[in-house]
Amino acid sequence: MSLTTRAANHDPASQARIVLRAEDVWKSYDDGAIVVLKGVNLEAAKGETVALCGPSGCGKSTLLHLFGGLDSPDRGRVSVNGVEVNRHRNLLRLLRHEIGFVFQLHNLIPDLTLEENCLIPTVAAGIDRRTGQARLHQLAERTGLTERLGHRIQKLSGGERQRTALCRALMNRPKILLADEPTGSLDEHTSGAVFELLLEIVATEGVTLVMATHDRSLARRCNRLLEMHDGRIHEPVSA
Amino acid sequence: MIFLKLIVTNLRRHRIRSLISIAGIAFSVAAMLTVVTILQGAIGMFSGILSSDSEIIVFERNVSDLFFSNVPAAAAEEISGWPMVAHADPVLFGIVSSADHPIITCFGVTPADARIRKAIWLTGDRLAFAQHADDVVLGQRAAEFLSAKLDDHVPIGHGVFHVIGILKTANGFEDGGVFMPLSSAQSFFHKEGVSSVITIKLRNKDDTASFKTKIKAKFANLIGLEDAEFTRSYSQFKILKATAWAVGGCGLALGGLGVANTMIMSVFTRIREIAILRVCGFSHLQIGAMIFGESAVVSLLGAVLGLLTGTCLLYALKLVPALHGYVDVTIQPVVMLIVILLALITGIAGALYPAAYVTRIQAVEALRFE
C-alpha cells in the first residue's frame, strides 16, 4: 500500500503551490534485487518544511537523489514545479536554479577558500561575479561567516563547514533545498545551532525544505514529519 | 576566475605529478626543437653550398642523391657559352676519410668558382689554386682537425695533398671541407669528365624559366631547378625533414602519454569532487573544459620550458668544437609555432580519455565514493 502524502493544506490554492511531486515512484538496484522505493507518493508546497525519518536503508537518501535528478526512478514520475526532473535538458536548469543540496558531509573543495567554494554554483550558472559576491555577502552575514570568507576549508570548524555548505546550496536562490542528514556529522550543540539557522533561512527565503534525518527532535520542528520504512512513506505524522 | 582557480588548484594539489608531466612535455619539445633546428640548419647549409653566387642548379634527372649525379663536362662548357648565363660552375662532391676523421667533404671546383673567388683567404694565394694536381685548399675547421698549415702535405683518403691555402667561410660544410681542382677531384673519385652539379648565375633573373626550358630541350638527362625549388623538392631533404619531425613527434607522443597519465590520476582521485560540481550545476561540457584546461596549462608550461631548454641546448651544441659551424641556432618562428601547437594538441589528446571518463561519472554513485 502506498499513501499519497499531500502538502499540509488540501485547498486548491495550496495545490497550486505544489513545487515538488513524486508519483508512484519505484527504485531498485542490482537489477531489481534490492527494491529501495516501492511506489512513493509525495507532494511539498512552496515554503513547506518536510522531514523524512526512518531507519538507514529505508530509501530517504534515494528519494532525495531522485528529487534532485541525481538518479532516475525505475517507474513513476518526479517533478519540480510541474517539470519532470529526469530529462537532461531540464536537469541542468534544475540543479543551477531550482534545487540546492546539503549533505551529511559538507563536500566542500578543501583547497579553495570558503568564498570560492560558495561561488562555484554561480560559475556553473553563468551568474556574474558581482551578483554572486553580493549574494554571498548576504548569506555569509546571515550565517555568521563574514569574517571567514577568505579562509580555506581546512581552517574551518565542523559547524562552519556545514554553514558554508548551506550558503553554497542557497547561492543561486533555489526554490527547494534537499538536505540529507545536514547535521548528522555535528555534535548536539552545533547540530541544533546549524538546524536553527537552516530553518530560519529557508523561512526567510521562502524555500521548500525536504530533509532526511534520524534526529526526531529536529524533525519535529518541520511542518511535516513523514515516516519512511521499507521503501514506503507509511503515514504522515503531524509535526 | 573561479574556473581558472579550479584548474590551477587541481594541478597544485599534485605538484610532483604535474611537474613530471610538464617536464615530459618540455623534454619532448626540446628534443623536437633541437633535432628539427639542427636538420633545418644542415639543410640550409647544404642549400647554401649550392646557391653560392648562383640561383639555378643543374644536375642529373631522377637521381636520389647529388653524390650520384653525373653531369658531363661538355654540358657545362656548352651552358657557360649561352648568352643568358653569367657563369656556370661545375662542382663535384665527394666524401673521403683520413685518420680519426671518417667523413671529410670534398669539393672539386674550378678556379673561377665563387667558393674560391669570394671566400676569405686566411693564408695562401687564391691565384695559385689549381696550378698543380695535388693542390688543395682547406676550410678553417678542416685545417684545425687535420692539424694542417700552409704548405703542409696532408693525407686525405688514399692520397697526399699539398695545402696551398686555408679559407674561412660561414658555411659549416665548406668550413670543414677540402677544395680540390675539379680535374683532380674527378680523377680522385674516378669520375673523369663529369661533375655532380653545375651552379648557374644568369645575367637576368627573368630568364630563369627560359633557361630551365632550354636545359630540358637540350639535355634530356639533366634538370635545372631554382635553388628554393631544389630545396623543396630534393628527396634527401624531404627524408631528413620527415625524420626530424617523426623523431620529435615520437618524443611528443611520449610526453602526451605522461599528460594522459597525470590527467587520469587527477580525475580518479577526485571523483567525489567532480560529482559535487555536477550537483552544483556544472555541465559535462564545463567539467570537460576544466580537464582540458588542466592539460592545456601543463602542455603550455611544458612547451615554454621546452623552448627555453631546446634553445639552451642548441647554444651548448654550437659551443662544442667538433660541431663548430654545423649547428645553426636560428630557430624559425614557424618551427616554434608548430612545436607549441603540437605540444598543445598532444596535451589535449592526452586529456581525451579522462574527459570522456568524467562525463560518464554518475553523481549519485560518485557521492558514495570514498
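1. Which residues does B:Ile291 touch, not counting residues up to four places away in sequence? They are B:Met263, B:Val267, B:Arg270, B:Ala351, B:Pro354, B:Ala355 and B:Val358, where contact means heavy atoms within 4.5 Å.

2. A word on the ground rules: this is a predicted model, in which local features need pLDDT of at least 70 and side-chain atom pairs count only at pLDDT 80 or more, while totals for chains, interfaces and linings use all residues. Residues are numbered from 1 along each chain as its sequence is written, chains are lettered from A in the order in which they are written, and side-chain values use heavy atoms, with hydrogens and water left out.

3. Back to B:Ile291, which sits in helix H12 (residues 284-319) of chain B; helices are DSSP runs (H or I, at least four residues), numbered from the N terminus. B:Ile291 counts as buried, at 0% relative accessibility; buried means under 20% relative accessible area (1.4 Å probe, protein chains only).

4. Where the chains meet, 24 residues of chain A are in contact with 23 residues of chain B. Chain A and chain B bury about 2,200 Å² between them, this being the accessible area (1.4 Å probe) lost on being put together, summed over both.

5. Finally, look for the one salt bridge that the rule finds across this interface: a side-chain nitrogen of Lys or Arg within 4 Å of a carboxyl oxygen of Asp or Glu. A:Glu116 forms a salt bridge with B:Lys5, and their closest N and O atoms are 2.5 Å apart.

Notes:
Helices (H or I, at least four residues) and strands (E, at least two) are DSSP runs, numbered from the N terminus. Buried means under 20% relative accessible area, exposed over 50%, partly exposed in between (1.4 Å probe, protein chains only). Buried area is the accessible area (1.4 Å probe) that two parts lose on being put together, summed over both.
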